[in-house]
Amino acid sequence: MRIFPFKTNLWDRFFFGISIMFALHLFWVRFVEAYVPLYVATAGSLVFLAVLVITG
Amino acid sequence: MKEDKKQVWGLIAPALFIMILIGVIPVLYIIYLSAFKYNVFAKVPMRYAGFDNFRKLVFDPDFLKSLRLGLTFVALCCGIELPLGLFIANLLTLNFKGKGIFRTILTLPLAMAPITIGSMWVLITNPDFGPVPFLFRKIGIEYNMGISANQAFFTTILVDLWHWTPFVVLTFMAGLSSLPNQPYEAALVDGATRWQTFRYVTIPLLKPVILTTLFIRIMDTFRVFDEVWMLTSGGPGTATRYVSIHLVRLVLQSMEYGYSSAMSLFLLYLTIIICFFLLTFISSSREAA
C-alpha cells in the first residue's frame with residue numbers, strides 16, 4: 001500500500017518525512033504540549049518517518 | 001569508465017566546494033545555533049536550549065503577525081503580477097507602432113537595484129513634494145504613508161508590482177513565442193473565439209511557464225527586503241514589517257542569534273515546502289504536456 005498518490009523515490013520520502021516531523025513538532029508545541037509531552041510527538045513522528053520511508 | 005568518473009568529479013569539485021562553503025555550512029550552523037540561547041553581547045555564555053527557541057517562535061505574536069503580513073503580501077503581489085504580466089505579454093505579441101520602445105521602457109525597472117527603487121519611491125511618495133500625494137490630493141484623498149498603515153502596505157505592493165511585473169512579462173513573452181502553431185491553426189479551423197483560444201489553448205500550453213514564474217516570484221516576494229526597508233523600514237508601527245524585515249530588526253536590535261536562527265530556519269522550511277509542491281506541480285504538468 002502506498003501513502004503518496006504519486007511516484008516517489010527514497011529521498012522524496014525522507015524529505016517529506018522530515019518536513020512532516022518538523023511541522024508536527026511545531027503544532028505539538030503550540031497546541032498539545034500543555035497536555036502531552038513533546039517526546040510523544042518525537043516518538044510518533046519517528047515511527048511515521050520509518051513507515052513512510054519503507055512503504056512510500 | 002573509472003577515469004571518466006574521476007574527471008567528472010574533478011570538474012564539478014570547485015563548484016561543489018563553493019556551494020558547500022556558502023550554502024550548506026551556513027545552514028548547518030543555523031541549525032546548530034537554533035538549539036542555543038546565544039546573545040553575542042551578553043555576559044552569559046552560549047547555553048543549550050533544545051526546542052525552546054521554536055517554542056518561543058510559535059507563541060511570538062510579533063512574528064506571527066509578520067508572517068501573516070508576509071503571506072498576504074506574497075498572495076497579493078503574485079495574484080496581481082501574474083494576470084497583469086500575462087495580459088501585457090499578450091498585448092506585446094500584437095504588432096503596433098512603438099512596440100520596441102514600449103518593450104525597452106517596460107524592462108527598465110528590472111535593470112535597477114532594489115535599494116535604488118526604494119529611495120526613488122521614497123521621493124515619489126513624499127507627502128510634501130512627491131507627485132503621488134499631489135495627485136491624490138487633487139482627487140480629495142490625503143496620502144501619507146508615514147501615518148497610514150493601509151497606504152504604506154499598498155504602496156509596498158505597488159512598488160513590487162512596478163519593479164517585478166516586467167520580469168513576469170518577459171518570461172511570458174518568451175513562453176508565448178515558443179508555443180507551437182498547430183494548436184492555434186486547429187482552433188481557428190474549429191471556429192474558436194479569441195477568448196476560447198486563449199482559455200483552452202494558450203493557458204494549458206503555457207502552464208509550465210506560469211508555474212515556474214510563480215515559483216520564482218513566491219520565493220522573491222517572500223524574502224522581500226531592500227525596497228520595503230528603504231521605503232518604510234517596516235512602519236508605520238508594524239504595518240509593513242514582513243518576515244525578513246522582522247528578522248533583521250530582531251538581529252540588529254536584540255542580538256538574539258539563537259532565536260533569530262530558529263526563525264530563519266522556519267522561514268527556510270516554509271519556502272522549501274512551498275517550492276517543493278510547486279516543483280512537483282511543474283514536473284507533473286511538463287509530463288502531461
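Ile18(A) sits in helix H1 of chain A, which covers residues 10-32; helices here are DSSP runs of H or I with at least four residues, and strands are runs of E with at least two, numbered from the N terminus. The model is predicted, so local features need pLDDT of at least 70 and side-chain atom pairs count only at pLDDT 80 or more, while totals for chains, interfaces and linings use all residues. To find your way around, note that residues are numbered from 1 along each chain as its sequence is written, and that chains are lettered from A and ligands numbered from 1 in the order in which they are written.

Ser45(A) is 27 residues away from Ile18(A) along the chain, and their C-alpha atoms are 8.7 Å apart.

Now follow H1(A) to the other chain. The axes of H1(A) and H2(B) are 9 Å apart and the helices pack at an angle of about 65°; axes are lines fitted to C-alpha atoms, for helices over the stretch in contact, and angles run from 0 to 180 degrees between N-to-C directions. Leu26(A), Val29(A) and Arg30(A) of H1(A) meet Phe54(B), Arg55(B) and Val58(B) of H2(B), where contact means C-beta atoms, placed from the backbone, within 7 Å. This contact has four nonpolar, no polar and two charged residues. Here Ala, Val, Leu, Ile, Met, Phe, Trp, Tyr, Cys and Pro count as nonpolar, Asp, Glu, Lys and Arg as charged, and the others, Gly among them, as polar.

Taking the two chains together, six residues of chain B are in contact with six residues of chain A. On the chain B side, helices H2 (52-59) and H12 (257-288) each give two or more residues, and H2(B) gives the most, with three.

Within chain B, helices H7 (residues 149-177) and H9 (residues 194-222) have axes that come within 10 Å and cross at roughly 155°. H7(B) and H9(B) are therefore roughly antiparallel, the term for angles over 145 degrees. Their crossing is right-handed.

Notes. Parallel < 35°, antiparallel > 145°, perpendicular 65-115°, else oblique. Left-handed = near helix turned anticlockwise from the far one by under 90°.
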